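The following paragraphs lead through a single protein model, one topic at a time. Keep the sequence and the structure in view while reading.

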Amino acid sequence: MLAVCTFGVASAQPDVKKAAKSLFTVKSFDANGGLVGSGNGFFVGENGEAVSNFSPFNGAARAIVIDASGKEYAVDQIIGGSEMYDVAKFHVNIKRSIPLAKGAAAATEASVWLLPFSKSPKAIEGKVTRVEKVGSDYDYYSMTLAAPDNVVGCPVFNAAGEVIGMLQSGTGEQQYAVSVLMAADMRASGLSINDPAMKLTSIKKALPDDVQEALVSLYVGSSTLDSLSVSVMVDDFIAKFPTSVDGYVYRANRAMAAADFAAADSDMQTALKMADNKCEAHFNYAKMMFDKTVYAADKPFDAWTLDKACSEAEQAIGCSPLPLYKQLKAQIVFAQKKYDESEAIYKSLIDEGEKTAENYYGLSRCKEMLNDSAACLAMLDSAVATFSRPYLKDAAPYILARAQMLMSMEKYRLAVNDFNDYEQLMVTLVNDNFYYLRSQAEANGRLYKQALDDLKKALQISPANTLYLAEKSSLELRVGLKDEAIATAKECIEANPNLSDGYLFLGLAQCNNGQKAEGLKNLQKAKELGDPQAQDLIDRYSK
């Protein structure tokens, strides 16, 4: 049963001895230990939940509360705050706290009592002169009350000895109080860390009580907080939700990013023991091993292998045959070069109704590795067909993959069409290499003007790229733009005079432009720099 403090009201002086045990003063400090501010507050829960004015927390890195007996306790978490109404809710690291009883609102002309914090507190009677609604329909009181200095945040009681408000700053006998419920009702939510008031303090923020909301906090915090704060938040999540697999996965992924695979492995082993959802634990463990083995193969960790990853994936499938789990196994066995087995899994997923672009793409990769180009292209067609025009960016990777496959099959103009669609989707992200690739498809498809335009775009992004310059000079010569080919070849030589390509295309262009003597000299230079084509060209134009 909740223990709460009230005091009996008499005409002269209420009994405040019990209520005084719930009050404290707040002191806050910056990162260097300097005093930031002080205020008053009181407990509203028996597990350390407390409220006070917000001002001391603004700019603070650490805070303590000091009770009437002089004992100090650390504020370990901020739950909520409002700079506008100067109220805050937080958690105090205390074994047990005695909360004040919250009561019904007071009406105009009602008597109220302010209880200042002190070793020998004495209630001060006042009268409500006005009641307004603020915030989410909370009461805001105007009062005539002779308040002493430094009592902002102290409780205001009704005639039943129940707290109804927290004192705000006032002048003389004109005082104000906001409903205690404004602070007491504060709850941490998934987006609390983005609240403007919460950003004003670097004291640790409380996680929501709901695990899904807490996961939102982790997600938001991962992109907005510094690395140390995120680590603390993840540790807090695990401590608060020890049977949720998500906390262990978050921490293990952070260890993975730091190449601390032993720590990641330890967290996932703990997840397998503690988590309610063993299937998700096995799946995430398998995925981490797969990602590390495939994408960080240069960083040895013998405990993780593709065989073990496959075993974990199979255990996940064994307890819950979700398509996502099967898809991971298909990726693992593909990495093991078991293309027939991977193909069979993707086929079964598609047959079971999982006709997704990702599954068709996975199947296309298997067909490619099994040297079945026609089937590979058909699967890429199916992957792209899962989207409809006008395409969204989700379709871009599959359109690009099909363009590259079409190029390898010498279907150049069809490849150009896909490259064009890809550019429209990713116009702000395409780079010089994209324009170079498309120019190759265009040149092979005899779309020479488009090819030259794309080479120019590639060179705008990377002006000194000798590959692009050599390709442009070669193509200009191919379409009879001899002077342009000579100029481009000279740019190539200027970019890298130790490369044979510039001299080769300059010599070839000069020979075709009636400048045979100069051309042969440059072809000879290309030969000296090791170009294997130079001698044949020298022989041809020396006749």
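Helices (H or I, at least four residues) and strands (E, at least two) are DSSP runs, numbered from the N terminus. By that naming, A385 lies in helix α11, which covers residues 373–385. The model is a predicted one, in which local features need pLDDT of at least 70 and side-chain atom pairs count only at pLDDT 80 or more, while totals for chains, interfaces and linings use all residues. Residues are numbered from 1 along each chain as its sequence is written, and side-chain values use heavy atoms, with hydrogens and water left out.

A385 is exposed, with a relative accessible area of 59%.

N371 is found in the loop between α10 (357–369) and α11. This residue has a positive phi of about 60° although it is not a glycine, and at 69% relative accessibility N371 counts as exposed. The loop between α11 and α12 contains P390. The peptide bond that leads from R389 to P390 is cis, with omega near -5°.

Now turn to the strands. Two strands pair if DSSP finds at least two bridges between them. Strand β4 (residues 62–67) and strand β5 (residues 72–82) run antiparallel and are joined by 3 bridges. V65 has Y73 in β5 as its bridge partner. The hairpin of β4 and β5 has 4 residues between the strands, and in this hairpin G70 takes a positive phi near 90°.

On to the next pairing: β5 is also joined to strand β6 (residues 87–92) by 6 bridges, and these strands run antiparallel. Here S82 has V87 in β6 as its bridge partner. The hairpin of β5 and β6 has 4 residues between the strands, and D86 takes a positive phi near 55° there. Further along, E109 lies in the loop between β6 and β7 (111–114). E109 has a positive phi of about 80° although it is not a glycine, and at 52% relative accessibility it counts as exposed.

How many disulfides does a search of the whole structure find? The search finds 1 disulfide, a term for a pair of cysteine sulfur atoms within 2.5 Å. This disulfide joins C279 to C319, with 2.2 Å from S to S. C279 lies in helix α6 (residues 278–295) and C319 in helix α7 (residues 306–319), so the pair ties together parts that are 40 residues apart in sequence. C279 counts as buried, at 12% relative accessibility, whereas C319 counts as partly exposed, at 41%. As for C366, its sulfur is 9.8 Å from the closest cysteine sulfur, in C376, which is too far for a bond. C366 is buried, with a relative accessible area of 0%. C154 is also buried, with a relative accessible area of 1%.

Aromatic rings are the next topic. Rings of Phe, Tyr and Trp (its six-membered ring) pair if their centres lie within 6.5 Å; planes under 30 degrees apart count as stacked, over 60 as edge-to-face and the rest as tilted. The structure holds 18 aromatic pairs. One of them is formed by F434 and Y435, an edge-to-face pair with 5.4 Å centre to centre and 70° between the planes. F434 is buried, with a relative accessible area of 5%, and Y435 is buried, with 9%. Elsewhere, ring pairs link F24, F43, F57 and F90 into a cluster.

Finally, there is the nonpolar core, defined as a set of buried Ala, Val, Leu, Ile, Met, Phe, Trp, Tyr and Cys residues joined through side-chain atoms within 4.5 Å. The largest one has 113 residues, of which W304, I332, F419 and Y422 touch the most other members. Its largest share, 9 residues, comes from helix α12 (residues 396–408). Apart from this core lies another, of 22 residues, among them V44, A123, M182 and M186. Contact means heavy atoms within 4.5 Å. Not counting residues up to four places away in sequence, Y422 touches A396, I399, L400, V430 and F434.

How values were computed:
Buried means under 20% relative accessible area, exposed over 50%, partly exposed in between (1.4 Å probe, protein chains only).
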